[in-house]
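Me: I'm new to protein structures, and I'd like a close look at one single part of this one. Could you pick a residue, walk me through its surroundings, and then work outwards?

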Amino acid sequence: MRVIDGMHRLRAAQVSGAKCIEVRFFEGTEENAFVLAVKLNVANGLPLSQGDRTAAAVRILGSHPQWSDRRIAAATGLVASTIASMRKRSTGGIEQLNARVGRDGRARPLNSAEGRRRASQVIADRPHASLREIADAAGVAPATAKDVRDRLLQGRDPVPSRLREAEAQQGPGAAPTAARSGADRPDARAVAEATSAGTALPNMRKDPSLRTEAGRTLLRLLSAHSIGEEEKWRRLVDSVPRHRADSVARAARACAEQWVRFAKELELRGS
């Protein structure tokens with residue numbers, strides 16, 4: 001019967017002489033109750049200070065080490081890179097695991113090399129399987145299945161060198177901090193993909209099939225969201241004032257998630 005959120009509303013009801021109030025009960029552990037309290041206080045009412053959110057993130061990292069950086073960031077109103085730094089600075093107080101649970105509740109390995117190998121085996125056994133079938137059988141995302149299939153068609157290793165290097169660095173008993181997911185920070189591959197997208201746009205503009213109203217709108221949106229070279233990335237990051245970093249990061253992530261959903265739909269349609 002402890003109040004998780006709404007202490008001030010409860011006090012106001014008591015002062016006004018209310019005999020009963022409408023409540024919503026929460027059943028769960030004390031740790032999960034704390035996470036819910038933080039999420040509600042970040043989203044509503046007087047926002048938590050930076051110090052309060054940082055302290056909450058440290059506590060959640062200790063109680064939920066299996067959660068991904070983005071999931072903890074969403075609960076505390078911080079950015080995933082901040083959570084990643086906290087996790088990296090921990091000296092044994094935060095348990096290091098080989099997988100993380102994302103906001104959708106799905107567990108994902110820090111290094112997806114093994115999943116990629118399973119996907120390549122599925123493709124070898126069932127060359128005509130769809131991307132969704134490959135992804136379900138291998139336990140990977142459809143986008144990963146597509147990348148594996150494309151790499152095999154090009155005669156390349158289904159596991160990129162960066163994942164092989166991270167896997168080698170981990171070793172049998174090493175902490176997996178070296179295999180951090182690129183989804184939490186803009187790594188070299190992300191920059192390379194953004195650059196390649198920018199160079200592909202001129203060719204797409206020449207395609208007659210995209211010279212429709214919807215096609216032109218799509219090309220304009222892609223042009224607007226293609227940042228390109230790493231120097232341009234850095235200039236944009238440096239231009240954001242410190243007090244706006246969290247809000248700009250959340251807005252950027254929301255846009256990115258919409259484009260990811262759009263890309264997945266296209267990939268599934270092309271499979």
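Reply: Let's start with aspartate 246, which counts as buried because its relative accessibility is 14%. Buried means under 20% relative accessible area, exposed means over 50%, and partly exposed is in between (1.4 Å probe, protein chains only). The areas come from the Shrake-Rupley method with that 1.4 Å probe, and for residues only the protein chains shown count as cover.

Before going on, some ground rules. This is a predicted model, where local features need pLDDT of at least 70 and side-chain atom pairs count only at pLDDT 80 or more, while totals for chains, interfaces and linings use all residues. Residues are numbered from 1 along each chain as its sequence is written, and side-chain values use heavy atoms, with hydrogens and water left out. As for pLDDT, that's the predictor's confidence in each residue, from 0 to 100.

Back to our residue. Aspartate 246 sits in helix α13. Helices here are DSSP runs of H or I with at least four residues, strands are runs of E with at least two, and both are numbered from the N terminus. Skipping neighbours within four places in sequence, aspartate 246 is in contact with Gln50, Arg53, Gly77, Leu78 and Val79. A contact means heavy atoms within 4.5 Å.

One of those partners deserves a second look. Aspartate 246 and arginine 53 form a salt bridge, with their closest N and O atoms 3.1 Å apart. Aspartate 246 belongs to α13 (residues 245–270) and arginine 53 to α3 (residues 50–63), so this pair ties together parts that lie 193 residues apart in sequence. Both aspartate 246 and arginine 53 are buried. The rule for a salt bridge is a side-chain nitrogen of Lys or Arg within 4 Å of a carboxyl oxygen of Asp or Glu. The general idea is that side chains of opposite charge can pair when their charged atoms come close.

Glycine 77 follows α4 and has a positive phi, near 75°. Within α4 (residues 69–76), the buried residues are Asp69, Ile72, Ala73, Ala75 and Thr76. Looking down the axis of α4, they fall within an arc of 165°, so they line one face of the helix. That arc is taken from the directions from the helix axis to the C-beta atoms.

The side chains of arginine 87 and aspartate 69 meet at 2.8 Å, N to O. With arginine 87 in α5 and aspartate 69 in α4, 18 residues apart, the pair links distant parts of the chain. Arginine 87 and aspartate 69 are both buried.

For a contrast, look at arginine 9, which pairs with aspartate 5 in a salt bridge of 3.0 Å, N to O. Arginine 9 counts as exposed, with 59% relative accessibility, and aspartate 5 is partly exposed at 30%. In total, there are five salt bridges.

There's nonpolar surface to spot as well: Met1, Ile21, Val23 and Phe25 make a patch of about 530 Å². Patches are made of residues with over 30% relative accessible area and no salt bridge, joining like charges within 9 Å and nonpolar side chains (Val, Leu, Ile, Met, Phe, Trp, Tyr) within 5 Å. Isoleucine 21 lies in the loop between α1 (7–15) and α2 (30–43), and its 44% relative accessibility makes it partly exposed.

Finally, zoom out. The protein has 13 helices and two strands, and 28% of its 271 residues are buried. Of the contacts between residues at least 6 apart in sequence, 57% join residues at least 24 apart. The average pLDDT is 77, and 74% of the residues score at least 70. Take care with residues 172–196, though, where pLDDT stays under 50.
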